[in-house]
Amino acid sequence: MTLEELQALVTRAPYHQWLGLEVVSFGGGEIEIRATWREEWVVNPDRRYTHGGILAALVDLAADWALGAELGRGIPTVDMRVDYHRPAMPGDLICKGKIVRQGGMFSVAEASIFDLDGKLCASGRGVYLTAPPK
């Protein structure tokens with residue numbers, strides 16, 4: 001799969017388009033995605049940090065598409081957890097996903113979300129249904 005083909009798969013969903021996802025690189029069970037910051041992500045207008053739900057979505061997407069790039073399709077999330085390390089302030093975010101274990105039915109992947117200064121904002125791990133579609 002080419003970078004352009006994967007980009008088209010990732011941004012097929014309107015929500016992913018709204019998040020401004022750009023696949024930067026992928027291969028070897030890893031992916032890097034850049035998410036374009038939006039004012040609508042702000043949860044606290046006084047402090048201006050990004051809502052945790054956006055960070056959780058980015059963890060899920062980066063982990064999911066680390067697997068999806070290998071399988072050539074999006075896959076459903078079965079379970080996931082997210083840890084928040086620091087507020088994500090206004091600015092694009094770098095999302096790095098990595099396959100932990102790829103199985104025939106279920107797979108595990110993890111992701112980390114960084115600000116443009118390279119500071120870790122959130123990380124997490126998910127279980128994904130990777131069984132072949134019916």
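Reader: Among the contacts between residues at least 6 apart in sequence, what share joins residues at least 24 apart in this chain?
Author: The share is 57% of those contacts, where a contact is a pair of residues with heavy atoms within 4.5 Å of each other. This is a predicted model, in which local features need pLDDT of at least 70 and side-chain atom pairs count only at pLDDT 80 or more, while totals for chains, interfaces and linings use all residues. Residues are numbered from 1 along each chain as its sequence is written, and side-chain values use heavy atoms, with hydrogens and water left out.

Reader: What makes up the chain, and in what order do the elements run?
Author: The chain has three helices and six strands, which from the N terminus on run α-α-β-β-α-β-β-β-β.

Reader: Why is the chain called as compact as a globular protein of its length?
Author: The radius of gyration is 14 Å, close to the 14 Å that the globule rule gives for 134 residues, and the chain is therefore as compact as a globular protein of that length. The radius is taken over C-alpha atoms, and the rule is 2.2 Å times the number of residues to the power 0.38. Along the principal axes, the C-alpha atoms fill a box of roughly 50 × 30 × 25 Å, and buried residues make up 40% of the 134 residues.

Reader: Why is the pair of Y15 and W18 called stacked?
Author: The count comes to one aromatic pair. The ring centres of Y15 and W18 are 6.0 Å apart and the planes stand at 15 degrees, so the pair is stacked. The rule takes rings of Phe, Tyr and Trp (its six-membered ring) as paired if the centres lie within 6.5 Å, with planes under 30 degrees apart counted as stacked, over 60 as edge-to-face and the rest as tilted. The two residues are three apart in helix α2 (residues 14–18), and are separated by about one helical turn.

Reader: Are Y15 and W18 buried, partly exposed or exposed, and how do you know?
Author: Y15 has 39% relative accessibility and counts as partly exposed, and W18, at 30%, also counts as partly exposed. Buried means under 20% relative accessible area, exposed over 50%, and partly exposed in between, with a 1.4 Å probe and protein chains only. H16 also lies in helix α2, but at 13% relative accessibility H16 counts as buried. Leaving out residues up to four places away in sequence, H16 touches V10, T11, L21, L61 and W65.

Reader: How do you know whether the span of helix α3 agrees with expectation?
Author: Helix α3 (residues 52–71) has 20 residues, which at 1.5 Å a residue should span 28 Å, and its end C-alpha atoms are 28 Å apart, so the two agree. The expected span is 1.5 Å times one less than the number of residues.

Reader: Which residue other than glycine has a positive phi, and where is it placed?
Author: R48 has a phi near 65 degrees, and its place is in the loop between β2 (30–35) and α3. Most residues other than glycine have a negative phi. R48 is partly exposed, with a relative accessible area of 30%.

Reader: What makes the charged end of K96 sit over the ring of F114?
Author: The charged end of K96 is 5.4 Å from the centre of the F114 ring. A charge sits over a ring if NZ of Lys or CZ of Arg is within 6 Å of the ring centre and within 35 degrees of the ring normal. K96 is also one of the residues touched by E110, whose place is in strand β5 (residues 106–114). E110 is partly exposed, with a relative accessible area of 24%.

Key: Helices (H or I, at least four residues) and strands (E, at least two) are DSSP runs, numbered from the N terminus.
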